[in-house]
Amino acid sequence: MKVLRIAFVIFIVTGLLNIMSVMPCRADANQGTSSPQAKKEPGSAPSGLNESTERQVSEQRKKITQEAVSALDETRQALAALKKTKTKEALAHLERASGKLNIVLARDPKLALAPIDVTVKIYDVATTPEAIENAKITANEFLDEGDVQKARHLLRDLASEIVISVVNIPLKTYPAAIAAVAPMIDQGRIDDAKTALQAALNTLVVADHIIPLPVARTKEKLTKAEQLSEKEGRSEEESKTLQQQLTEAREQLKLAEALGYGNKKEYKEFYAEIDDIERRTAGGKAGKGWFDKVKQHLKNFAESIFE
């Protein structure tokens, strides 16, 4: 089935060939497949992210409109009936489909998209910001020379994200499209009716919501670091762990920046905020509220990318 893809956040992400060593991980949370070099079990979210991801997926699933799901199923059954020249059966299915959509519109006349399905996919890559930058430079050189396909293959797997895809019925066009089929059937234009129904089914809209894994991992590192920063009289080992968490948070941000998630200006502010925390926690000092600014900043940043 063809669909019209609308991505609220679009990142063109592709793969590395010979320039660097990359281990792509692609896992479909529904199908459970991944590459042989995957770092995680098929379909599983990285450590510490399952709960957060499931919460956001659950929020999207709650938006699914059952009447719209039924309308889509009735449309498909109508098409199947037409293929068997069962015109009365097809008309009955179309009548029920229109009725279901009328219920949806009656509840919310301004609703543009009616969600009918949600899927989750995980894309991950093990590399460094420096390797990513080198690949981007080489890709630009290929593009300058007109070697578009070389550039495309070079960048193909450069992604580290969870993609929540929501399939929708476009309410501005779909109801009218299926309503126009009934007269065709009455006039005996069965082939035209089948073509029109298939065209309507092809207009489903897929909206992709992106959760960058490096940003999510940064949040995880900062949460652990904050817990240690508030501990009075922490041990030398705990202080080392605190510093390590901050260092790893900065590394994850550098990876997210290299992959092109969000605005570069935001990253300069993140680095400055982490530098400030390092100064405050130096020498075993402890306190509360030191992470408030960077946590709120990170939350707003992640939400801007997700939507």
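Modeller: Helix 11 and helix 12 cross in a left-handed sense, that is, the near helix is turned anticlockwise from the far one by less than a right angle, clockwise being right-handed. This is a predicted model, in which local features need pLDDT of at least 70 and side-chain atom pairs pLDDT 80 or more, while totals for chains, interfaces and linings use all residues. Residues are numbered from 1 along each chain as its sequence is written, and side-chain values use heavy atoms, without hydrogens and water.

Biologist: Why are helix 11 and helix 12 called roughly antiparallel?

Modeller: The axes of helix 11 (residues 264–281) and helix 12 (residues 292–306) come within 10 Å and cross at roughly 155°. Angles over 145 degrees count as roughly antiparallel, under 35 as roughly parallel, 65 to 115 as roughly perpendicular and the rest as oblique; helix 11 and helix 12 are therefore roughly antiparallel.

Biologist: Which residues of helix 11 and helix 12 meet?

Modeller: Glu266, Tyr267, Glu269, Phe270, Glu273 and Ile277 in helix 11 meet Lys293, Val294, His297, Leu298 and Phe301 in helix 12, contact being heavy atoms within 4.5 Å. The residues of this contact divide into 6 nonpolar, 1 polar and 4 charged.

Biologist: Why does Arg250 count as buried?

Modeller: Buried means under 20% relative accessible area, exposed over 50%, and partly exposed in between (1.4 Å probe, protein chains only). Arg250 has 15% relative accessibility and therefore counts as buried. Arg250 lies in helix 10 (residues 236–258) and, leaving aside neighbours within four places in sequence, is in contact with Tyr271, Ile274, Asp275 and Glu278.

Biologist: Against which helices do the buried residues of helix 10 pack?

Modeller: They pack against helix 4 (129–144), helix 9 (213–229), helix 11 and helix 12. Among the buried residues of helix 10 are Leu242, Leu246, Ala249 and Leu253.

Biologist: How do you know that the span of helix 2 agrees with expectation?

Modeller: The expected span is 1.5 Å times one less than the number of residues. The 18 residues of helix 2 should therefore span 26 Å, and the end C-alpha atoms of helix 2 are 26 Å apart, which agrees.

Biologist: What makes Thr85 exposed rather than buried?

Modeller: Thr85 has a relative accessible area of 56%, so it is exposed. Thr85 is found in the loop between helix 2 (66–83) and helix 3 (87–107), and has a positive phi of about 60° although it is not a glycine.

Technical notes: Axes fitted to C-alpha atoms, helices over the stretch in contact; angles between N-to-C directions. Helix = DSSP H or I, 4+ residues; strand = E, 2+ residues; numbered from the N terminus. Nonpolar A, V, L, I, M, F, W, Y, C, P; charged D, E, K, R; others polar.
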